[in-house]
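Please keep the sequence and the model in view while reading.

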Amino acid sequence: MDTNLAIQTKDLGRVYRLRGPKRKGDAKQLVALDGVNLEVRRGELFGLLGPNGAGKTTIIKILATLLLPTSGSALVEDLDVTRDVQEIRRRISMVSGGETSGYGLLTVEENLWMFARFYGLDNVTARKRIDSLLEVVGIADRKRTKISDLSTGLRQKMNFVRGFISDPNVVFLDEPTLGLDVTAARDVRGFVKQWMHDHPDRTVLLTTHYMAEADELCDRLAIIDRGKLLACDSPHSLKHRLQQDAIFNLKVGPLGPRPSRDAMIEAVPGVRQATVVEQNGHTELNLILAQEDVLSDVLAHLTRRGSSLISLEKREPTLEDVFIDLVGRRLDVDTSHHAEGEHAAG
Amino acid sequence: MLPAERVQKATGLRLFWYTIWARAYPRIIGSTREKSWLFFETVLPLMGTASYVFVYRAIGAPEAYTGFVVLGGAMTAFWLNVLWAMASQLYWDKDGGNLELYVVSPGPLMAILLGMAVGGVLMTATRAVIILVVCSLLFNVSYQIASLPLLILIFVTTMAALYGMGMMFASVFLAAGREAWHISNLLQEPIYLASGFYFPVKAMGFWIATFASVIPLTLGLDAMRQLIFAGDPTLGFLSVEAELLILLVLSVVFIYGAIKMLAKLEEIGRREGRLIERRR
Ligand SMILES: Nc1ncnc2c1ncn2[C@@H]1O[C@H](COP(=O)(O)OP(=O)(O)OP(=O)(O)O)[C@@H](O)[C@H]1O
Ligand SMILES: [Mg+2]
C-alpha cells in the first residue's frame with residue numbers, strides 16, 4: 001500500500017469469454033489484458049495510449065468497478081475494485097467519448113441535476129455547481145436547451161460537466177475527444193488541464209489514441225498494445241529514448257509491387273523501424289534509422305526499386321515514433337477522422 | 001473556476017431518497033413534454049373502455065358492468081405502463097448508455113429502479129384519473145364506496161405488487177434482450193382477458209382466476225370493485241380481506257425478487273462484461 005498512489009494494478013488480467021456462433025477451432029476466449037502493472041500517482045494526469053482493441057477501455061472499466069478482473073488485482077485510492085465497490089464509486093467518475101447518456105427530453109440543467117443527485121449532492125450545491133461548471137466549459141447559455149437539440153461537441157461538454165460535478169478524486173476519461181471537432185476538442189483538453197491545475201490532489205486517467213493529445217496533456221503515459229503494457233514514462237522521456245536515432249519522413253514515387261515494412265527493414269541494414277503508407281499515387285515512408293548515414297543506403301535502395309524521391313524531412317521524434325519503435329506498426333489514426341483510406345503495411 | 005473546497009455528499013438512506021426522486025424526475029417531466037405518450041396512455045385505454053361499454057350495452061349486459069369496465073379501463077393504464085415503460089426501461093437505459101453511468105454512480109441501483117416505478121405510478125395515476133372521470137361522466141356510473149381507507153390500502157398494495165413485478169421484469173427483460181419484446185406482446189392481450197379488466201374475474205372460473213391472480217391487478221381490481229360497487233353478487237372471487245393478504249404477499253415476493261435479480265444482474269454484468277454496458 002502506498003498512499004501516494006491513486007491507482008495501482010498488479011498483474012491485472014482480463015479474459016473475455018466469447019459468445020455467439022461457435023465453430024470448431026474458433027477461439028473461445030479473448031485475452032484483453034495480460035499482466036498489467038500500472039502505478040498512477042495522486043495528482044497525475046495519466047494517459048493510456050494504444051490502438052483499437054489494446055485494452056484501454058477494459059482497464060478503465062475494471063478501475064471504475066464496471067468489470068471484474070479475471071486475474072491480478074487493482075486498487076483505486078487503496079481500495080480494492082472487487083471488494084470496496086461502493087466506497088470507490090463515491091470517489092470516482094467516468095466520461096467516455098461518443099457518450100449518449102441522459103434523456104433527450106430533459107434540459108442540460110435537468111440532466112446534470114439528476115446525475116448530481118445520484119452522487120448525493122443537495123439541491124443548492126447541485127445548482128451552484130451546475131451553473132459554475134457550465135460557465136467554465138462555456139455552455140452556460142445552453143442550460144435550458146433540451147439535450148436532444150445539442151450538437152456532439154456541446155453534448156460532450158455537458159458530459160464533462162457531469163463527470164466533474166460530483167467533485168471526484170479520480171476521473172476516468174475514455175477517449176474524451178472522440179468525434180469532436182478541433183475547437184471542441186481543444187476546449188475539452190483545456191478544461192481538463194485547468195481542472196488539474198486547480199485541484200492538484202486529484203487524478204485523471206485518460207485513454208486516447210491521439211498521439212498529440214497524449215503528448216499535450218499527460219504528465220506520464222503508458223503505451224499498451226494487445227493487452228500488454230509496453231512502456232510507461234513521461235512523454236518527454238519516451239521521446240528521449242529515440243534521441244540517438246534519426247527519424248525521417250520520405251515521400252517517394254510508387255515503390256513497385258507490395259512495398260512493405262518488413263521488406264524495407266530487411267533490405268537496408270540500419271533501418272530500425274519503418275511504416276509504409278501508399279497514398280494517391282505516391283508512398284509515404286516513416287523511417288527510424290540507427291544512424292543518420294543509413295539514409296544514403298535507403299535512397300540507393302529506393303532507386304533500385306525504380307522509385308524517386310519527392311520530398312524528405314528529418315524531424316524530432318514524436319510519440320508516434322515511440323509507438324512504432326515499440327510495436328512495429330503505426331498507431332492507426334481514427335478512420336472516421338481521416339477518410340483518405342490509408343493502410344499501414346506491416 | 002470552482003472553489004477547491006470539498007463538496008458534501010449524502011450517503012445511506014438520504015442518498016437512496018435523492019436517487020429515487022432524481023430518477024423519477026425524467027419520467028414525470030418527460031411525459032408532460034412528449035404528447036404522443038399522453039395519447040398512447042390515455043386515449044387508447046379510453047377508447048378500449050368505451051368500446052366494451054358499448055358492446056355490453058348492445059348485448060344487454062347488466063348495467064353494473066359499465067362500472068366494472070370503467071374501473072378496469074382506468075387500471076389498464078397501469079398495466080400498460082408496467083409492461084411497456086417499466087419492464088423495458090433498464091434495457092433502454094443500457095441502450096442509451098445510461099445504465100453504465102447509473103452503476104458507476106454511488107446511487108443504489110435499486111433506488112434507480114424504484115425511481116422509475118415511482119415516476120411511472122405518479123404519471124399513470126393522472127391518466128387513470130382522466131379515464132375514470134371522463135368515462136364516469138360519459139356513461140353515468142354511480143359509485144357506492146364501502147370503505148375508503150380499505151380501498152386506498154388495496155390500491156396502494158396493488159401498486160406495490162404490480163410495480164414490484166415490473167421491477168423484476170426490468171431485470172429479466174434486460175437479460176433477455178430483444179426476445180423480451182415478444183414476451184411483452186404475447187402477454188398484453190391474454191392478460192387483458194384473464195385479469196378481468198373488462199369483466200369480473202370470477203366469471204372466468206376458478207382455475208383461470210387463480211392463475212390470473214399472479215398478476216397483481218387481477219385481485220386488486222376484484223377487491224376494488226367489491227368495495228366500490230358494494231354488494232354486486234357477480235363480484236368477489238375471494239373476500240376483500242383474503243385478496244388484500246394475497247396482494248401483500250405478492251408485493252413482498254415481487255419486490256424481494258426485484259432486489260435479488262438486480263443484484264444478480266450487476267454481478268453477471270461485472271463478471272462477464274456484458275448486460276450493463278452499451279455494446280457497439
Ligand atoms: N464484453 C466483451 N466481450 C468480448 N470481448 C470484448 C468485450 N469487451 C472488449 N472485448 C475485446 O477486448 C479487447 C480489448 O477491448 P477494449 O475495448 O478494452 O480496447 P480499447 O483499447 O478500448 O480499444 P478502442 O480504442 O477501440 O476503444 C478487444 O479485442 C475487444 O474486442
Ligand atoms: Mg476503448
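**The nonpolar cores**

The largest nonpolar core holds 171 residues, and among these Phe172(A) and Trp79(B) touch the most other members. The element that gives the most to this core is helix H3 of chain B, residues 64–86, with 14 residues. Another core, of 17 residues, lies apart from it; Leu255(A), Val268(A), Ala274(A) and Leu285(A) are among its members. It should be kept in mind throughout that this is a predicted model.

The surroundings of Phe172(A) may be followed in more detail. When neighbours within four places in sequence are left aside, Phe172(A) is in contact with residues including Ile7(A), Ile60(A), Leu63(A) and Ala64(A). The list of its contacts also includes Val76(A), Ile92(A), Ser93(A), Met94(A), Val95(A) and Leu205(A).

Chain A can also be viewed by its domains. Domain 1 covers residues 5–239 and domain 2 covers residues 244–316. Taken over C-alpha atoms, the centres of these two domains of chain A are separated by 38 Å.

Attention now turns to ligand 1. Which residues come nearest to ligand 1? Of the 17 residues around it, these are Gly53(A), Lys56(A), Thr57(A), Thr58(A) and Gly273(B). The site is shared between chains, because residues from chains A and B surround ligand 1. Several side chains of chain A place polar atoms beside oxygen atoms of the ligand. For Lys56(A), a side-chain N or O atom is 2.8 Å from an oxygen atom of ligand 1. For Asn52(A), the distance from a polar side-chain atom to an oxygen atom of ligand 1 is 2.9 Å. For Glu175(A), a side-chain N or O atom is 3.2 Å from an oxygen atom of ligand 1.

In chain B, helix H7 spans residues 148–176 and has 29 residues. From its first C-alpha to its last, helix H7 of chain B reaches 41 Å, close to the 42 Å expected at 1.5 Å a residue. The N-terminal end of H7(B) is capped by Ser147(B), which has a side-chain oxygen 3.3 Å from the backbone nitrogen of Leu150(B). Just after H7(B) comes Gly177(B), with a positive phi of about 65°.

A further residue of chain B, Val129(B), belongs to helix H6, residues 109–139. Is Val129(B) buried, exposed or partly exposed? Its relative accessibility is 47%, so Val129(B) counts as partly exposed. Although 58 residues separate Val129(B) and Leu71(B) in sequence, their C-alpha atoms are 9.9 Å apart in space.

Notes. Residues are numbered from 1 along each chain as its sequence is written. Chains are lettered from A and ligands numbered from 1 in the order in which they are written. This is a predicted model: local features need pLDDT of at least 70, side-chain atom pairs count only at pLDDT 80 or more; totals for chains, interfaces and linings use all residues. Side-chain values use heavy atoms; hydrogens and water are left out. A nonpolar core is a set of buried Ala, Val, Leu, Ile, Met, Phe, Trp, Tyr and Cys residues joined through side-chain atoms within 4.5 Å. Buried means under 20% relative accessible area, exposed over 50%, partly exposed in between (1.4 Å probe, protein chains only). Helices (H or I, at least four residues) and strands (E, at least two) are DSSP runs, numbered from the N terminus. Contact means heavy atoms within 4.5 Å. The expected span of a helix is 1.5 Å times one less than its number of residues. A polar contact is a pair of N or O atoms within 3.5 Å; within protein, one must be able to donate a hydrogen and the other to accept it, and residues adjacent in sequence count only if both atoms are side-chain atoms. Domain bounds come from an automatic or database domain assignment. A residue is near a molecule or strand if one of its heavy atoms lies within 4 Å of it.
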